[in-house]
Amino acid sequence: MLENTTISQFKKAITNGVLSHAYLIEGGDRLQREQTVLSIATLIMQSSDETMSDTNRYQQLKEHDHADFIWLEPTGRSIKIDQIRELVHLLSQAASDSKHRVFVIEEADAMTTSASNSLLKFLEEPGQNMHLFLLTESKEKILPTIQSRCQWIHLTPPSVRTISQQFEQLGMTVEQATWLAYHTSDSDVAKEWQADDDYWEKISAEWTLFTLLTTGDVRAFVRVDYLVTRVVTDRTSAISYLNDLIIMARDVLLLSVGQKDVFISKPEKRKDYERLKDQLSVDYWVDLIAQINFAIREVDANVAVASAFERLAIWSIQRQEGLNGKR
């Protein structure tokens, strides 16, 4: 739910009848933006129908099971003009069983230029008791003409440490909660991953490959099929795998540059991190992260997953051979 101050502001606006017709919710992460708009919509809808509890209303809206709550999201990679035209048509209709109608555009920055221009018609001539919420990672991705017609709500994402503590309260171990907090703030998703043996098998394979990369062990190349292609299902999961390697390398890099209170992703591996920090230079960790990012770009550009990982392994072997030659 929202912070108490924001809830109080919306309650006051509802009581005084001064709700805006358009809001731009930016910042945070996708889940945070979704929870925010659901909390606000619950307050708005509850003002029209007090027969249902806030909890039940919130769940009803979360399931998009209310005639006066319309949720629009991209089809493919964009929100097209036909979708906005249909939305504008709905905005022109009267509410069915409540005094207010709430419309949400998720990933509003995905609107095409023509779709954005079509939306301006509603923003310039809003209907009574119609409330539009645009969700975006950054308001700067939205046309200035749309920004200027909306009230802004800026969200600050919760820290990984805070998310981890929340997951621990759900019964997860410190190790599980910490790792998962680096990957999601959604407790439902976290619980699914916690119970997924295949997920943890993949994480185990990632750690094995990470340690081989940091030693320049030839097995990092030889075992790509076993450590990578056996546990990834597509390019998206391959990129996720590589991003996990970056998280591990980042932890050691932060320790290497003297960060004393590093909230590391794998607390059970702190001794290993300390050892690696002492064995390899800051430059090595910077270069390793750069090489992993290059592998991500390769996979994203349709280079074969195995080839991208093999090249990364070859780099680590050559880099270690270079270091050994200097000693």
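**Notebook: aromatic rings**

I looked up the ring pairs and found 11 aromatic pairs in the structure. The model is a predicted one.

Entry: Tyr 23 and Phe 133. I find this aromatic pair stacked, with 5.1 Å from centre to centre and 10 degrees between the planes. I then checked where the two rings sit in the chain. Tyr 23 belongs to strand β1 (residues 22–27) and Phe 133 to strand β4 (residues 130–136). The pair links distant parts of the chain, as its members are 110 residues apart. Next I looked up burial. Tyr 23 has 4% relative accessibility, so I note Tyr 23 as buried. Phe 133 has 0%, so Phe 133 is buried too.

Entry: Trp 193 and Tyr 199. The ring centres are 5.3 Å apart. The planes are at 5 degrees, so I log this pair as stacked; the cut-off for stacking is under 30 degrees. Trp 193 has a relative accessible area of 26%, so I call Trp 193 partly exposed. Tyr 199 comes out at 10% relative accessibility and therefore counts as buried.

Entry: a cluster. I followed the ring pairs and found that they link Trp 207, Phe 210, Tyr 273, Tyr 284, Trp 285 and Trp 315.

Entry: charges over rings. I looked up Lys 139 and found it over the face of Trp 152, 4.1 Å from the ring centre. Arg 230 lies over the face of Tyr 226, at 4.0 Å from the ring centre.

Definitions and conventions: Residues numbered from 1 in each chain as written. Predicted model: local features only at pLDDT ≥ 70, side-chain atom pairs only at ≥ 80, totals over all residues. Heavy atoms only, no water. Phe/Tyr/Trp six-rings, centres within 6.5 Å; stacked < 30°, edge-to-face > 60°. Helix = DSSP H or I, 4+ residues; strand = E, 2+ residues; numbered from the N terminus. Buried < 20%, exposed > 50% of the residue type's maximum accessible area, 1.4 Å probe, protein only. Lys NZ or Arg CZ within 6 Å of the ring centre and 35° of its normal.
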